[in-house]
Amino acid sequence: STSRRQRQMCIRDSTYNTTADMLRGPSRRSNVSSARKVSMYVVREITGMSMEDIGSEFGGRDHSTVVYSINDMQKKLETDTRLRETVEDIIKNVRT
């Protein structure tokens with residue numbers, strides 16, 4: 001839902017010190033890119049939106065970019081405990 005997505009964006013903003021406009025924009029700065037990948041992953045986990053729809057939400061990115069970002073996050077979550085805890089906290093906070 002929209003309110004859930006808004007909560008996710010607010011939680012992400014405070015976690016990664018970014019804004020929704022930064023995530024939709026072209027920036028490739030590390031903190032923005034990381035926050036964008038986390039956000040795409042969380043949106044997919046919570047909403048089940050299609051890759052195309054997620055790409056549209058994130059500044060018109062191609063679905064292959066979304067696929068890459070989500071796959072990259074899944075790999076990182078397997079080995080990075082701190083990242084996994086952060087993402088789990090975001091998902092938990094959005095769902096409540």
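Modeller: The expected span of a helix is 1.5 Å times one less than its number of residues, helices being DSSP runs (H or I, at least four residues) numbered from the N terminus. This is a predicted model, in which local features need pLDDT of at least 70 and side-chain atom pairs count only at pLDDT 80 or more, while totals for chains, interfaces and linings use all residues. Residues are numbered from 1 along each chain as its sequence is written, and side-chain values use heavy atoms, hydrogens and water being left out.

Biologist: How far apart are the end C-alpha atoms of helix H5 (residues 63-79)?

Modeller: Helix H5 has 17 residues, which at 1.5 Å a residue should span 24 Å. The distance between its end C-alpha atoms agrees with this, at 25 Å.

Biologist: Within what arc do the buried residues of H5 fall?

Modeller: In H5, Val66, Ser69, Ile70, Asp72, Met73 and Leu77 are buried (under 20% relative accessible area, 1.4 Å probe, protein chains only; exposed is over 50%, partly exposed in between). Seen down the axis of H5, using directions from the axis to the C-beta atoms, these residues line one face of the helix, because they fall within an arc of 160°.

Biologist: Which residues do salt bridges join into one network?

Modeller: A salt bridge (a side-chain nitrogen of Lys or Arg within 4 Å of a carboxyl oxygen of Asp or Glu) links aspartate 72 to lysine 37 at 2.8 Å, N to O. Aspartate 72 also pairs with lysine 76, their closest N and O atoms being 3.2 Å apart. Aspartate 72 and lysine 76 both lie in H5, 4 residues apart. Through shared partners, the salt bridges join Lys37, Asp72 and Lys76.

Methods: Helices (H or I, at least four residues) and strands (E, at least two) are DSSP runs, numbered from the N terminus.
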